[in-house]
Amino acid sequence: MPRSSNADLSRASGGTPEIALVLGAGGARGLSHIAVLEAFDELGLKPARISGCSIGAIIGAAYAAGLSGRDLREHVLATFRDRARAVARLLEARIGRLTDLVRGLGNPVLIDGERLLDLFWPEAVPDRFEELAIPFSAVAADYHRHAEVMLHEGPLTPAVAASLAIPGLVRPVALCGRVLIDGGAIDPLPYREFLAPGRVVVAIDVSAPTTATSDTRIPGAMEAIVGASQILTRTLVQRMIEQQPPDILIRAGADRIGGLDFFKAKAILAAAEPIKDEVKRALEWALEPPG
């Protein structure tokens with residue numbers, strides 16, 4: 001049974017709690033967020049506010065823009081069905097060059113996050129937070145100040161690009177006088193600021209569990225960068241939940257899915273189908289009228 005202290009307070013007073021939806025970091029596993037959004041849609045519910053980190057920020061912003069869970073499912077499947085086209089888009093978003101590596105000038109695979117979003121986001125996603133249908137915030141980390149930064153106003157694309165800027169893979173973003181990197185480095189499941197009486201916080205954890213201990217395969221360089229980020233994400237999420245859990249915690253994401261396995265989108269979404277019923281049961285219980 002989910003912890004539902006805020007829901008209990010609202011039920012006791014006869015009120016209907018506000019729903020805050022939080023979508024966590026987790027790379028390709030985060031495509032499972034789409035099944036959660038479909039559960040909301042099938043119940044006819046909309047969260048009053050949404051927060052996201054990394055892949056959760058990408059999907060959360062699109063949902064906050066007014067796209068349905070089904071819209072996002074179709075967009076993702078269409079995007080990653082054509083591998084050649086998707087790879088071409090990734091190459092178009094790359095700012096590094098192979099000659100830079102030889103000359104010691106930089107990372108040949110570094111991605112411009114803003115360009116990446118322009119290439120992969122649905123066209124319906126607007127340019128600014130203020131144009132979203134649902135209030136939304138993205139979490140990033142201030143590289144120099146070692147501090148969490150919640151972004152909820154102004155230009156949307158650079159804010160979400162900052163939230164997903166995994167060091168070594170996506171270029172940091174200079175925004176509002178700060179240098180910002182992946183929010184997963186500091187708060188991969190940003191639900192704590194939403195906890196309040198009269199509100200039900202639904203947090204979706206897509207961080208990766210440990211793999212089989214007998215696996216002795218050495219990861220490649222890029223896989224290791226993303227894998228290290230996922231280890232950090234899982235560790236931080238576990239500690240956060242132990243200290244102060246959300247009202248409803250849903251663990252999603254197919255097992256043995258790597259952070260960059262976006263071309264397994266169809267399998268990830270299929271594996272996430274049972275999560276819909278879990279989300280619906282939790283929400284129906286939390287919103288059940290008193291008595």
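Arg234 counts as partly exposed because its relative accessibility is 22%, whereas Asp205, at 2%, counts as buried; buried means under 20% relative accessible area, exposed over 50%, and partly exposed in between (1.4 Å probe, protein chains only). The model is a predicted one, in which local features need pLDDT of at least 70 and side-chain atom pairs count only at pLDDT 80 or more, while totals for chains, interfaces and linings use all residues. Residues are numbered from 1 along each chain as its sequence is written, and side-chain values use heavy atoms, with hydrogens and water left out.

The side chains of Arg234 and Asp205 form a salt bridge, defined as a side-chain nitrogen of Lys or Arg within 4 Å of a carboxyl oxygen of Asp or Glu. This pair connects distant parts of the chain, with Arg234 in helix α9 (residues 221–243) and Asp205 in strand β7, 29 residues apart. Helices (H or I, at least four residues) and strands (E, at least two) are DSSP runs, numbered from the N terminus. Asp205 also meets Arg251 in a salt bridge; Arg251 lies in strand β8 (residues 248–251), 46 residues from Asp205. Arg251 has 37% relative accessibility and therefore counts as partly exposed.

| Salt bridge | N to O distance |
|---|---|
| Arg145 and Asp142 | 2.9 Å |
| Arg234 and Asp205 | 3.5 Å |
| Arg251 and Asp205 | 2.3 Å |

The structure holds 19 salt bridges. In the pair of Arg145 and Asp142, Arg145 counts as exposed at 52% relative accessibility and Asp142 as buried at 2%. A network of salt bridges links Glu38, Glu42, Arg73, Glu273, Lys276 and Lys280.

Glu38 is also among the buried residues of helix α2. This helix (residues 33–43) is mostly covered, with eight of its 11 residues buried. Just after α2, Gly44 adopts a positive phi of about 75 degrees.

Helix α5 (residues 83–93) and helix α4 (residues 69–81) have axes that come within 5 Å and cross at roughly 90 degrees, so α4 is roughly perpendicular to α5 (65 to 115 degrees). Axes are lines fitted to C-alpha atoms, for helices over the stretch in contact, and angles run from 0 to 180 degrees between N-to-C directions. The contact (heavy atoms within 4.5 Å) involves Thr79, Phe80 and Arg81 of α4 and Arg83, Ala86 and Arg89 of α5.

Helix α5 also packs against helix α7 (residues 113–120) at about 150 degrees, with the axes 8 Å apart; α5 is therefore roughly antiparallel to α7 (over 145 degrees).

Technical notes:
Parallel < 35°, antiparallel > 145°, perpendicular 65-115°, else oblique.
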